[in-house]
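Here's a quick briefing to read alongside the coordinates.

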Amino acid sequence: MGTESRGGSSRPPRAEDAEPASVRALPHVFATETALAEGVLAGNPAAARALWDRYAVLVRRLLQRALGRDDVDDEVQDAFLRVHRKLPRLRERSKLRSFVVGVTMRVAREELRRRRVRRWLTLTPTGEVPERSAPPRDDEHAEALARLDAMLDSIDATTRAVFVLRFVEDMPTTEVAEALDCSLATAKRRVKRASELVAARAAADPVLAAFVAAGGDA
């Protein structure tokens, strides 16, 4: 008795026969940037979840470092809303990561600009900018990081974004260019300027200079 027959006898049912075609058509893993981008654009809920799972930690870390604070929930949500809204403009789907980073850094730069405006609008009666809250001084490491944050807050938003991407996130200059939507030559100039500016200001700060000289191991 064979397993194949044109008559009453038939082969044993296979597992995939019981699985609806619509389920088989769904990608179980968005293995590439292109597949994930196309899934999000197609309105696939699994792709939207995968987008969050893949990039939420990166987006939060970038915003925390660019803005110098831990509470960035609103900015994270804003970044993902913009990614979904602007994703149809991304022609090269394979560059989804750089696209997400670029949107995130634009959110950070806008928040930095708003922060400066708020500080300008809260000048004291004498015209002086209010002093920043003093950082905890019981730990040299914390103080150095607080001073670095204050120093980065005093430079323009683009330079700060470049510094964070290249020297904090260790992102290649090619990806910095993609994230900031500029040419590679422009990105290289901005990286050089950011490096020189931050190094000069750190050298002029006794706490940061000592921290750097000690190798950052306060």
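In α5, the residues E75, V76, A79, F80, R82, V83 and K86 are buried. Looking down the axis of α5, those buried residues sit within an arc of 160°, so they line one face of the helix. Over on the other side of α5 you'll find D74, L81 and R85, which are exposed. Keep in mind that this is a predicted model.

**Helix geometry**

- α3 has its own set of buried residues: E33, L36, A37, G39 and V40. Around the axis they cover an arc of only 160°, which puts them on the same side of α3.

**The core**

- The largest nonpolar core has 53 residues, and the members touching the most other members are L36, Y55, L96, M105 and L165.
- Helices giving two or more residues to this core are α3 (33-41), α4 (45-67), α5 (73-86), α6 (96-121), α7 (140-153), α8 (157-168), α9 (173-179) and α10 (184-204).
- α4 supplies the largest share of this core, at 11 residues.
- As background, nonpolar side chains in soluble globular proteins tend to be buried together.
- What does L165 touch, once its neighbours within four places in sequence are set aside? L165 is in contact with L62, V101, M105, D170, M171, V176, A179 and L180. One of these, M105, is also listed with L165 among the core members that touch the most others.

**How α8 meets α10**

- The axes of α8 and α10 are 9 Å apart, and the two helices pack at an angle of about 95°. Angles of 65 to 115 degrees count as roughly perpendicular, so α8 and α10 are roughly perpendicular to each other.
- On the α8 side, the contact is made by T158, T159, V162, F163, R166 and F167. The α10 side brings R190, V191, R193, A194, S195, L197 and V198.

- Where is D181 placed? D181 is in the loop between α9 and α10.
- Is D181 buried or exposed? Its relative accessibility is 67%, so D181 counts as exposed, the cut-off being over 50%.

Conventions. Residues numbered from 1 in each chain as written. Predicted model: local features only at pLDDT ≥ 70, side-chain atom pairs only at ≥ 80, totals over all residues. Heavy atoms only, no water. Core = buried A, V, L, I, M, F, W, Y, C linked by side-chain atoms within 4.5 Å. Buried < 20%, exposed > 50% of the residue type's maximum accessible area, 1.4 Å probe, protein only. Helix = DSSP H or I, 4+ residues; strand = E, 2+ residues; numbered from the N terminus. Contact = heavy atoms within 4.5 Å. Arc of directions from axis to C-beta. Axes fitted to C-alpha atoms, helices over the stretch in contact; angles between N-to-C directions. Parallel < 35°, antiparallel > 145°, perpendicular 65-115°, else oblique.
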